[in-house]
Amino acid sequence: MSEAMEASVELFCRIGIEETTAQNIMVNPKVRSSVLAVIKEAGVQNGCNKSVGNVLYTVATKYPANRANALRHRPKFLSYVTSGKIKSHQLDAAFRYFSSDPEEFLVEDFERVCGVGVVVSPEDAELAVEKVLEKNKAKLLDERYKFNVGILLAQVRELQPFADFTYVKKVIDKKMYELLGERTAEDDVKTKKKKPKPEEVKKEEILPVEEVSPYSIFPKPEDNIGVHVEIRFSDGTVLNPANTKAILEKHLKATGGRVYTRFPPEPNGYLHIGHAKAMFVDFGFACDANGCCYLRFDDTNPDAEKEEYIEHIKEIVEWMGWKPFKITYSSDYFQELYELAVELIKSGHAYVDHQTADEIKEYRENFKESPWRNRPVEESLDLFEKMKAGLIEEGQATLRMKQDMKNENYNMLDLIAYRVKKASHPRTKDKWCIYPSYDFTHCIVDSLENISHSLCTLEFESRRVSYYWLLDRLNLYLPYVWEYSRLNMTNNVLSKRKVIFFPTVRVLTSSSLQLNRLVTEKYVDGWDDPRLLTLAGLRRRGMPATAINAFCRSIGITRSDNLIRMDKLEHFVRDELNKTAPRTMVVLHPLKVVIENLEAAEEVEGKRLPDDPSATYKMPFTRVVYIERSDFRTKDSKDFYGLAKGKSALLRYAYPITCVDYVCDKDGEVIEIRATYDAKKSIKPKGVLHWVPEPAEGARPLEVEVRLFDRLFLSEDPAELKDTWLEDLNPHSKQVIHGAFALDNLRTAKPGDRFQFERTGYFCVDPDSSAEKLVFNRTVTLKTSYP
């Protein structure tokens, strides 16, 4: 633990907080910041008695600090706490008062509502208890100590709302003892409510359970009037960014009060399943609220962006079932962003810096100010104009926001707003040679597009302060920001970023582009390799977009960071394909079976869909068929339900057959089975085998290629392996089977078509297929380990 953290723990202990609680506070940056703020506002840095300290801790964790006026009134309220005028039993009333966000602190109203100066004597408290006990006496005598004491406390509160309820509880316990005597064993026996028998429940009483919308956690656009974040500066001042009524009214007029969200990918790679969750949150919330969602390309880095990625993202968004309200680009706002940067310089909140990237990094790590930080505004304006005109080379100057170089949050250490980059942009071409940073662009474009809810993953949480600092300094509308946990999946990699700690604050940094390395160094076969969790890869593997969305809905929108098992995604895929994928039969490793007593071929009928009796297909039952090699053994066992010499099995949709002999090659490998069939179906074998017939006498069945995919990495969380993560690649993650035999009804299958290969799994036709050869990818197996 750092010295600063140890000092904070010591401070918490000085106001009476237990050391274990103090250490737990340090784990949560929001709670830690709030407790420190309350201690400072209360003026008890040198300590206070434990009872006051406990009240202060409750204030820090439960006070309605998201209300602008309430937060402004908090120091005055805390003076009531430190002076002993407000005690723990009066806090609920006080919180209710401030939750209304009063513009003025009206002392008379506040003290009346909170009972300041109201003294409830022990005699008054006891009298209230006696009245309540008398009212409930009959039921108390009947239920004794099983009676719900909470009912008594609530009734006493109605009579004496400002009584000390710790004392009230003691009085109730004493009076109940006087009335009922000692507790008996019977008093401690829990009584179970008798459940009605099924026939006693009326059908009309059984109502369908309505699913709670995962988006119900988000506030309404019109409620965006509170403080978004408390920005504490190193000089002790505090900024509480909040929309004014005028700004909020202007926003609501522009949006009609509707929800506006955005899905803002960078066009520098392929989307993965983490983006599927982001789409479910952004597009899904807007759709659920009858609002609008932009597809906005964050195209501020001309070196990394490609038209290929832009087109891919558009295609994938459509494939996932989402329809953008508008498609926009950050570059659409380059002129507005430039003008706002000039405004920021004029207001003294930005400056042109000449430090190199390494120098900036070193100075930030040591909380040192740049030598050019305090240069005149006119000088920065002139230099910024020269940057725009191309008169300054790359790396010689940047525009930096003038924030707080002593701040404990790394994202307040004078972030870069603009850099010189003499590169052609995919959309604006050579119009600009300066480009805004993500930190400057993202929040401003959110505001310009009137986004009501800016939703992002938790690694961006530490950037919330810089997001609101910049919008506040520019006097722009403040969207509501909400962070949720990112989607982490087992046995794979997703992230293009990682979180580090500096020095005690989470910081987002660039990491090695793991997905990019897998593709560019050819560990996988491109961005759409079915082993990757890119959405292109999942689509190629055969996973339906609707199943992916159902999976995203099931994991919800929470702040809990966890690792989701691949089994869970496969469960939703399997559940959908079970209903929609036509059945057919494919033998991966064919073994020839000659049915000696079959004189002429006949036609049998198979089922294409289990729940549709009319969905059937025809296939010939011929003298030569092929079964799976693993369905035959030369040595039989009780737990084996396939064929062995003298043993029978049922050919799916056809007849039972019995092995009478088999033929081996010179190496002893079985190459042919001799069998007879039971035309009357009098034999009832336990085993059922899938099979493929010769389409005609002497003709080979349809030959296909089948690709079986497994987990890409051996470890559940390869990201934990750091530099050795590539060594964890599963060498058996892809198995290609040539020469599999398929039913003839697959001959017309097209890329993207999905099927269930009976007894084998769910498969999808791969784009590598041609008229000469069909290629199938295994989507998921038939069985699942998911509960």
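Helices α15 (residues 334-346) and α18 (residues 438-448) pack with their axes 11 Å apart, at an angle of about 110 degrees. That angle makes α15 roughly perpendicular to α18. The model is a predicted one, and it holds 59 salt bridges.

**Packing of α15 and α18**
- The crossing of these two helices is right-handed.
- On the α15 side, the contact is made by E336, L337, L340, A341 and L344; on the α18 side, by F440, T441, I444, V445 and L448.
- By class, this contact has 8 nonpolar residues, 1 polar and 1 charged.

**Salt bridge K146–E186**
- The side chains of K146 and E186 meet in a salt bridge at 3.9 Å, N to O.
- K146 lies in the loop between α9 (137-143) and α10 (149-159), and E186 in the loop between α11 (165-180) and β1 (231-232), so the pair ties together parts that are 40 residues apart in sequence.
- K146 is partly exposed, at 32% relative accessibility, whereas E186 is exposed, at 53%.

**Salt bridge R540–D528**
- R540 and D528 form a salt bridge through their side chains (3.2 Å, N to O).
- R540 is in helix α21 (residues 535-541) and D528 in the loop between α20 (514-520) and α21, so the bridge ties together parts 12 residues apart in sequence.
- R540 counts as buried because its relative accessibility is 15%, under the 20% cut-off; D528, at 27%, counts as partly exposed.

- The closest N and O atoms of the R700 and E703 salt bridge are 3.0 Å apart.
- R700 is exposed at 54% relative accessibility, and E703 is partly exposed at 38%.
- Salt bridges with shared partners join D528, R540, E705, R707, D766, D768 and K773 into one network.

How values were computed: Residues are numbered from 1 along each chain as its sequence is written. This is a predicted model: local features need pLDDT of at least 70, side-chain atom pairs count only at pLDDT 80 or more; totals for chains, interfaces and linings use all residues. Side-chain values use heavy atoms; hydrogens and water are left out. Axes are lines fitted to C-alpha atoms, for helices over the stretch in contact, and angles run from 0 to 180 degrees between N-to-C directions. Helices (H or I, at least four residues) and strands (E, at least two) are DSSP runs, numbered from the N terminus. Angles under 35 degrees count as roughly parallel, over 145 as roughly antiparallel, 65 to 115 as roughly perpendicular and the rest as oblique. A crossing is left-handed if the near helix is turned anticlockwise from the far one by less than a right angle, and right-handed if clockwise. Contact means heavy atoms within 4.5 Å. Ala, Val, Leu, Ile, Met, Phe, Trp, Tyr, Cys and Pro count as nonpolar, Asp, Glu, Lys and Arg as charged, and the others, Gly among them, as polar. A salt bridge is a side-chain nitrogen of Lys or Arg within 4 Å of a carboxyl oxygen of Asp or Glu. Buried means under 20% relative accessible area, exposed over 50%, partly exposed in between (1.4 Å probe, protein chains only).
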